[in-house]
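Here is a short note on one model, written to be read beside the coordinates. Please check each point against the structure as you go.

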Amino acid sequence: MPAVSASKAKRQAEKAAKAAAKGESTSSSKGTATTASSVNGASTTGTPLTNLSANNSVDNLDIKKLDIATERNASGVLISDKQSRDIHIDNFTMSFHGRLLVDGASIVLNYGQRYGLLGENGSGKTTFLEAMANRDVEIPEHVDIHLVRGEADPSEVNAMDYCIESAKKKVARLEKEIEDMSTADDVDEIGLELKYEELEDLDPSTFEAKAGAILHGLGFSKEMMAKPTKDLSGGWRMRVSLARALFVKPHLLLLDEPTNHLDLEAVVWLEAYLSTYNHILVFTSHSADFMDSVCTNIMDLTIHKKMVYYGGNYSIYVRTKSENEVNQMKAYHKQQEEIAHIKKFIASAGTYANLVKQAKSKQKIIDKMEAAGLVEPVVHPRALRFNFEDIRKLPPPIIAFSEVAFSYSGEQKDFLYQGLDFGIDMDSRVAIVGQNGTGKSTLLNLITGALQPVNGSVQRHAGLKLGKYSQHSADQLPYEKSAIEYLEGRYHEKFPNKDIQFWRQQLGRFGLSGAHQTSAIRTLSDGLRNRVVFSQLAMENPHVLLLDEPTNHLDMNSIDALATAIREFEGGVVIVSHDFRLISQVAQELWEVKDKKIVNLSKEDIGIADYKKILMKNSAEAIERAKLTAKTGR
C-alpha cells in the first residue's frame, strides 16, 4: 500500500472518528457551510470594502455606498474551473451610472501573478475593483477577496488586534471548511490539500510577530500599534486597513492606490512586500516606480473599453505597447495602400469584358479583407495639458522663516520644529520628504498662516497669494452639484458676466471635458474630482503653489501633464509627495524633514533617486523580512 502524507493520514483518522455521527452532524455542517465568512466576516458572496464594520450587514452600509452599489452593473461568464486557483471571466461588461465602462472584455487572473491595472481617470478602474470585490459576477466561493479602499473603523480595538482578529476569523472559516470537506462522501483530496496548505501558511503561533512586522513596515511604532483605532488619524487608519489585508493574505487582493497616505519609507517597504506576493494581486497606482517593482503583468483598460494584457512591469509595458502601435500603423498603411491600388484598378477597368472579370476578382479580395476585419489605425487618447496661468512676479523673498519653532501644545518639549530659517520665492521648486508624523503638512500650514509659530516669525510679501492643494480637498466638493455649477457658484462675484463657455474652459484646462463637466460630482472618479480642485486652484491665480500629495488618484498621463504645468508655471512651487517620478520631473531642491529641522539634501548632491537608495539601505533588514513574509506567510 503506498504511503500517504501526514495531513492525509490525519484527515482519514478524523473522518473515521466522525463516521458514527455522520448523519445529523454532517447534514448540519452542510447546512451551515454556505455561511462561511470571507476575510472580514462577510458572506463569501459579497466581499465588503474594508472601511465597513465587521458584521457588514446592509443596515450598516452608508447610503452613499448603497447608491454606488445599485448604480454599478456588471455581467460576465466564469470559464475557469470552479476548483481552480485562477479566475477567468469571459464577456465581462460593466457600467456605472448608466455609462458603459467595459464592453465584452476578458478577465484573466492567474494565481501567483501581480497585475497593475491601468486606464485613464474615469475609465472605471476603481469600479472594476469594487465589482470584483462585491462578486457582481460569479467568482468561486473558495476564493476569498479583500479590497482595500477605505479606512479602518474608529473603535476601541487597537491596530494589532484589528489585524489579528480578521486572521482568526479566516482560521475558523478554513477549519470549518476542512471539517466539512474531510467528512464528505466524496473527498476532494486536491482541494483539501490546498485548504491545509492555506491554514498552515497562516500559522496562528506567529500572528503577533507577523502583524507587528507588517505594521512596523508601514510606519507604526509599538506605542501606535497599541492605540485604539479611534485615536488614530484617517491616514493611519487607512494603513491599519492595508496592514490587515496584507496580514490575512487573501486569495485575491485588490488594492486601490495603496501608496496614498504613505511616506516614502513606507512606500519602499510596501514595494518589497508586494513584489513577492504569491497569490493574486490586482492594484491601481499612480507611481511608475512602484509598478515597476511589483508588477508581473499589466492590465490596460483601453479607450475601446477592453482589457489588454501585457507581460512584465510598467516600463516593459510602455516599450511593448509603443512597438505594437508602430507595427500596427505599418500594417494599417500597407493594407490601405493595397486597397487603394485595387480600387484604382477597378475604377480603370471600364467596360472591357476581360478587365471587368479581373475587377470583380479584385473586389472579392477587398470583400475578404473586410470580412476578416481590417487593420484599425491606432487611436490615442486626447493629449492632456494642464495649465496654471502666468502671474506677476514679486521681488524676493516672498516668504521668509526666521528661527521658527512650533508645537501644537505650545510647549517646548513637544516641538515638531525648532530653529527653522529658510526662504521661498517665485523661482522655488521644492519637494519636501520625510517620515509621516514629522510635520510636512504642518510646515505647509505654517507657510499659509493657518498655523502660527510658537517662537520666531514667518514674513510674507504683502501682495502674496498662495494656492494650496490638499489630498483631502476633493472630499470637500459638493457632490450633488456639477463641476460647472460649483465653479460658477464659487466665482460668480469675481467673474459676474461670464457665460457657460468660460466655465467650461476653466475645467478644460485640466482635462475635464464633455459630459464630465455637467455630471454630478459624485458620479466622477477620484481622479476627475481632483481635476476639479486643480481648476479651482488655478482660478485663484496664486504666486506660490503648495501641493500636498497632488498625484493621489491621478493617472499616469495626468501626472505627466501636471509635471509639465508645474515646470511652465512662473510662480513658486512647494510639493509634499511620495511620488518619486513627479519629484524627479519637477523638483530643483529636495528638503528632508528630520529631527525638528529641514535639511536641504540638494546641497549634499542627493537627488530623489539617491534618497530612495538611502531608504532601501536603511531598511534593508525590514525589506528582506517583508519579502519573506509575503512569500511564505511567516
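1. The model is predicted, and side-chain atom pairs count only at pLDDT 80 or more. Everything that follows should be read as computed from that prediction.

2. Start with helix α10 (residues 264-274) and helix α21 (residues 608-618), whose axes come within 10 Å of each other and cross at roughly 65 degrees. Angles of 65 to 115 degrees count as roughly perpendicular, and α10 and α21 are therefore placed in that class. The handedness of the α10 and α21 crossing is right-handed.

3. Which residues make this contact? On α10 they are L264, E265, V268 and E271, and on α21 they are I608, Y611, K612, L615 and M616. By class, six of the contact residues are nonpolar and three are charged, with no polar ones.

4. The sheet to look at next is open and has three strands in the order β11-β10-β13, with antiparallel pairing. Because β11 and β13 are at the edges and each has a single partner strand, one side of each has no neighbour in the sheet. From one strand to the next, the twist averages 15 degrees.

5. Helix α14 (residues 440-448) packs on this sheet and touches β10, β11 and β13. The direction of α14 makes about 60 degrees with that of β11.

6. Strand β10 (residues 399-406) is joined to strand β11 (residues 417-424) by five bridges, and the two run antiparallel. Within that pairing, F406 is opposite Y417 of β11. Five bridges also join β10 to strand β13 (residues 455-460), again antiparallel. Here S402 has S457 of β13 as its bridge partner.

7. The last item is R490, a residue of helix α15 (residues 483-491). Is R490 buried, partly exposed or exposed? Its relative accessibility is 44%. Since buried means under 20% and exposed means over 50%, with partly exposed in between, R490 counts as partly exposed.

8. What does R490 touch, leaving aside residues up to four places away in sequence? The contacts are Q536 and E540. R490 and Q536 are 46 residues apart along the chain, while their C-alpha atoms are separated by 8.9 Å.

Terms used: Residues numbered from 1 in each chain as written. Predicted model: local features only at pLDDT ≥ 70, side-chain atom pairs only at ≥ 80, totals over all residues. Heavy atoms only, no water. Axes fitted to C-alpha atoms, helices over the stretch in contact; angles between N-to-C directions. Helix = DSSP H or I, 4+ residues; strand = E, 2+ residues; numbered from the N terminus. Parallel < 35°, antiparallel > 145°, perpendicular 65-115°, else oblique. Left-handed = near helix turned anticlockwise from the far one by under 90°. Contact = heavy atoms within 4.5 Å. Nonpolar A, V, L, I, M, F, W, Y, C, P; charged D, E, K, R; others polar. Pairing = 2+ DSSP bridges. Buried < 20%, exposed > 50% of the residue type's maximum accessible area, 1.4 Å probe, protein only.
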